[in-house]
Amino acid sequence: MDIKITPAPLCGSIEGISSKSFAHRALICACLAKGKSEIRINTSSEDIEATVSCLENLGAVIEKSGSVYTVTPIENAPAQAKIHCGESGSTLRFLLPVICALGIQAEINGSGRLPERPLSPLKEELCRMGASISDSFPLKTGGRISAGEYVMRGDVSSQFVTGLLMALSYLGGGKIKLLPPVQSRPYIDITLAVLKRFGADIKEENNTFYINSHGLKGCDFTVEADWSNAAFHLCSGVEVTGLNPDSAQGDKAIIAVLKKMGAEIAQNGGSFKADVSRLHGCEIDASDIPDAVPVLAALAASADGKTVICNAERLRLKESDRIQTTASMLRSLGADVAETDDGLIISGKPALDGGETPSYNDHRIAMAAAVAAIKCRGAVIIRNAEAVNKSYPAFFDDYNKLGGNARVL
């Protein structure tokens with residue numbers, strides 16, 4: 001699907017869609033719990049459906065009616081299973097420790113860049129604790145991990161920690177020691193919040209998590225709105241409703257970054273609106289908000305002065321090399337952008353030219369290009385814009401409802 005956007009300002013109000021981060025975790029916990037759960041997710045996506053499909057192949061029964069997923073947990077795990085994670089890094093990294101805790105001989109496949117994304121040191125630690133995992137895709141697993149002490153670097157991927165926390169909660173206990181520095185801490189906090197809701201008992205001291213679980217318990221869980229996807233609308237000057245101002249999500253820091261860039265923020269409970277009409281450049285530490293980098297870069301491209309984005313090196317291992325593809329996308333539209341090893345340097349212009357850019361099969365690049373188009377003089381064409389289906393299938397429909405002019409070529 002190729003999209004042509006004729007530049008137009010966006011306005012109005014929209015309800016935030018469900019958090020993909022919370023949805024993955026809630027669905028997996030429900031499948032490991034005792035008793036049925038009802039998980040409410042107001043908007044699904046390819047990544048969430050990949051997790052649902054994998055969990056069903058691992059022995060759970062998941063029935064969907066409207067926005068409600070009724071989950072009957074895994075009671076008798078199959079001896080063998082084949083699963084496909086699509087392009088979802090969360091699905092793969094969360095489920096690999098879970099599969100090893102269940103003791104399933106699994107064949108795990110993935111598409112896009114997923115087979116290239118690193119699994120070390122998680123893979124080695126799981127093997128040390130009793131699992132066997134092949135070195136290449138499709139991954140083949142065997143054996144069963146035990147409760148015990150796991151040691152992980154804290155600066156590689158919070159997804160590794162999340163998978164271990166869920167697996168050990170299922171096994172009934174264990175310890176995870178993180179070697180500092182710990183990055184993407186908000187994502188670990190999301191995991192802890194969801195596990196607590198399902199009855200897990202986890203204590204933390206000096207970067208070590210002590211899991212004293214007597215098993216997870218099914219519950220009703222409503223997935224809160226997603227700050228990551230809300231960021232695209234907030235950076236477009238649109239009001240987003242239904243957000244949790246006290247959320248564990250790291251991307252709620254988008255509000256602080258917008259203020260730093262000179263935006264005026266109007267808040268009424270869980271409703272937020274940013275006046276992004278007069279912004280200036282600044283320095284942005286992206287260590288805890290990596291998913292917001294593409295849209296912040298799009299905003300900075302038409303801000304006054306220079307913006308420096310740093311500590312975003314992990315973006316090179318996402319659905320695309322997001323440092324490179326963000327820079328390339330914005331340059332295609334006439335922006336002044338330079339790459340660094342861990343981020344971007346953007347010299348703002350009053351307006352961009354417009355032009356044509358691929359999505360690089362990356363949902364956040366496609367959505368960031370649509371935000372950048374608002375400040376372009378000419379039309380913007382986004383090739384393979386269906387990449388948004390990974391996290392926000394209705395993005396362009398909502399974009400048009402808010403006054404945008406995006407049409408399929």
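User: Which residues does Ile211 touch, leaving out those up to four places away in sequence?
Analyst: In this predicted model, Ile211 touches Leu165, Leu168, Ser169, Gly172, Gly173, Gly174, Lys175, Ile176, Asp201 and Ile202.

User: OK, and where is Ile211 found?
Analyst: Ile211 sits in strand 13, which covers residues 208-211.

User: Is Ile211 buried or exposed?
Analyst: Buried, because its relative accessibility is 1% and the cut-off for buried is under 20%.

User: How far apart are Ile211 and Gly66?
Analyst: In space they're 35 Å apart, C-alpha to C-alpha, and in sequence 145 residues separate them.

User: New topic: the largest nonpolar core. Which residues there touch the most other members?
Analyst: That would be Ile5, Ile254 and Phe396, out of 73 residues in that core. Helix 11 (residues 363-373) supplies the largest share of this core, with nine residues.

User: What does Phe396 touch, then?
Analyst: Skipping residues up to four places away in sequence, Phe396 touches Met1, Ile3, Ile5, Ala366, Ala370, Ile382, Ala385, Val388 and Ala406.

User: Switching to strands: do strand 20 and strand 21 run parallel or antiparallel?
Analyst: Antiparallel, with five bridges joining strand 20 (residues 336-340) to strand 21 (residues 343-347).

User: How many residues does the hairpin go through between strand 20 and strand 21?
Analyst: Two residues.

User: And what stands opposite Asp336 in strand 21?
Analyst: Ser347 is the one opposite Asp336.

Conventions: Residues numbered from 1 in each chain as written. Predicted model: local features only at pLDDT ≥ 70, side-chain atom pairs only at ≥ 80, totals over all residues. Heavy atoms only, no water. Pairing = 2+ DSSP bridges. Helix = DSSP H or I, 4+ residues; strand = E, 2+ residues; numbered from the N terminus. Core = buried A, V, L, I, M, F, W, Y, C linked by side-chain atoms within 4.5 Å. Buried < 20%, exposed > 50% of the residue type's maximum accessible area, 1.4 Å probe, protein only. Contact = heavy atoms within 4.5 Å.
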